[in-house]
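Here are a few notes to read alongside the model. Take them in order, with the structure open beside you.

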2 protein chains.
Amino acid sequence: MNDFVRVVEVGPRDGLQNEKTAVATADKIALIDRLSATGLRTIEATSFVSPRWVPQLADAAEVYAGIDRRPGIAYPVLVPNEQGYDRARAAGVTEVAVFTAASEAFNRANTNAGIDESIERFRPILARAAADGVKVRGYVSTVLGCPYQGEVAVSAVVDVARRLHDLGCYEISLGDTIGVGTPLKARRMLAAVAVEVPMAALAVHFHDTYGQALANIAACLEEGVRVVDSAVSGAGGCPYARGASGNVASEDVVYMLQGMGIDTGIDLPALAATGRWLAGLLGRETGSKAGRALAAT
Amino acid sequence: MNDFVRVVEVGPRDGLQNEKTAVATADKIALIDRLSATGLRTIEATSFVSPRWVPQLADAAEVYAGIDRRPGIAYPVLVPNEQGYDRARAAGVTEVAVFTAASEAFNRANTNAGIDESIERFRPILARAAADGVKVRGYVSTVLGCPYQGEVAVSAVVDVARRLHDLGCYEISLGDTIGVGTPLKARRMLAAVAVEVPMAALAVHFHDTYGQALANIAACLEEGVRVVDSAVSGAGGCPYARGASGNVASEDVVYMLQGMGIDTGIDLPALAATGRWLAGLLGRETGSKAGRALAAT
């Protein structure tokens, strides 16, 4: 496995979105700037969803305006609809991400729309993005389980991923939103999607609710995926399991990749220090075990 | 992978040994009795090393005498030498475990003896155990790294494992004592040992210092191992990395195995409840993410 994996840092968006402690705009900007200095190639910066839904990210435009955007690093932002796209574009954004669930029940609960309706909402965004030269990433959530309907058929995941790819998303991130997946299931799901969408256009996105995230990532790397989403310090949480842990920690992912001889271009000690700094802002210990161990050695 | 994995619960020994909070003898007995009710087949009960080295386990004989030993469950205890074997036998023990490092530097620092000398010390124990009808498990520590010498040659691991097996140990547990291993290295190490010792006589033992344990276990399961050591609540710690986490949590291992369709015979909710109860005794939150998530759902 002597090759390159691109780690997509989602801490400033997916991480902070699920953190209760309010983080100041200046600290969010500092977080992203610190992350930019670690060698990461993609940093999801914020979300232009309604501040009513996600008050933590109500300062999206200020954050985006404040960060030091470096050449060679992509700073995608989440947009739920055309209004979000308008706001993001007004802020100068050049890459966005759209999202839908593979579970109909989850999508209705989360966005008050069915999957078909969500995808139809994305159609004009993708068309405008193509005209504007804006890249679009697509998220598929609940790929290994749903808090409302339980099991999610692999065929539903494949279908949604293929439709987002057909619509023009350059990359589809497959998300185990509630962190219930295990390695064999994760790998089989990825393999099924890869029949319809090229593996090079796929990413995996695991939450560590049951401690399975890194094992799932390792299994998916064996299957061939080379893009992995993660959040520094394991930021985030799971709104469907109180007290549960959040995104897989970027530091643990990078430690594993380095140990497997896979290049990431990332400075692990700098990343771990950023994770501990963020944990301090959030008033707790880092959620990365590698981050803790590196501080102790 | 539709088969059986035996989980060897090491919390009462390897876990508690590295915990600073003193646990009362009655609580240790209650812990083992609760574990016995979960379906576990092997529970390492305590250690007959010198109380000077491990004060937490100075009550080994009382613990062993106090537990409700159920038919069909093995309760091995650690013995460092013949005096330890004598004490264990006097307490009525019918299965013991011996230990040596694959790293010469670690073995000298830890036991004041070279590897050859350690193995010679075990020879009379194995001979007496054979005569006494006592089963002996062998631990090889520092199989993926050493806090003193750094890298540990795979050939040294293979050599030590083979010698313990030749001496009569029915099972060799390969331990990443400082938790630095990653999946490919873990799998390659296991594969190398399996050339000399039958896979059916091998177990893996990972610490979660860098968050890699479950990914390493998944990789070793793919390689064919079917015995996994773990500690309920992720008890323990790493004396070589302050603040670092301990053994991989049994609950997370069982969650993964169940998700992979592998039978363990273990009642996961009962195990997770025991882990939370132990964490309460230790004055902290459970170290098992599955244990936390199961409590929240």
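1. Axes are lines fitted to C-alpha atoms, for helices over the stretch in contact, and angles run from 0 to 180 degrees between N-to-C directions. Contact means heavy atoms within 4.5 Å.

2. Some housekeeping. This is a predicted model, where local features need pLDDT of at least 70 and side-chain atom pairs count only at pLDDT 80 or more, while totals for chains, interfaces and linings use all residues. Residues are numbered from 1 along each chain as its sequence is written, chains are lettered from A and ligands numbered from 1 in the order in which they are written, and side-chain values use heavy atoms, with hydrogens and water left out.

3. Start with the sheet in chain B. It is open, has nine strands with parallel pairing, and runs in the order β2-β1-β9-β8-β7-β6-β5-β4-β3. Its edge strands are β2 (42-43) and β3 (46-47), each pairing on one side only. Two strands count as paired if DSSP finds at least two bridges between them.

4. Now look at β1(B), residues 6-9. With β9(B), residues 227-230, β1(B) pairs in the parallel sense over four bridges; with β2(B), the pairing is also parallel, over two bridges. Val8(B) has Asp229(B) as its bridge partner in β9(B) and stands opposite Thr42(B) in β2(B). Glu9(B), for its part, sits opposite Ser230(B) in β9(B).

5. Which way do the residues of β1(B) point? Arg6(B) and Val8(B) go one way, Val7(B) and Glu9(B) the other, and all are buried (under 20% relative accessible area, with a 1.4 Å probe and protein chains only).

6. α8(B), residues 183-196, lies across β7 (171-176) and β8 (202-206), at about 155° to β8(B). α6(B) lies across β5 (95-101) and β6 (135-141), at about 165° to β5(B).

7. Finally, α6(B) (residues 115-132) packs with α7(B) (residues 154-167) at an angle of about 15°, their axes 10 Å apart. That makes α6(B) roughly parallel to α7(B) (angles under 35 degrees count as such). Among the residues that meet are Phe122(B) and Leu126(B) from α6(B), and Val160(B) and Leu164(B) from α7(B).

Methods:
Angles under 35 degrees count as roughly parallel, over 145 as roughly antiparallel, 65 to 115 as roughly perpendicular and the rest as oblique. Buried means under 20% relative accessible area, exposed over 50%, partly exposed in between (1.4 Å probe, protein chains only).
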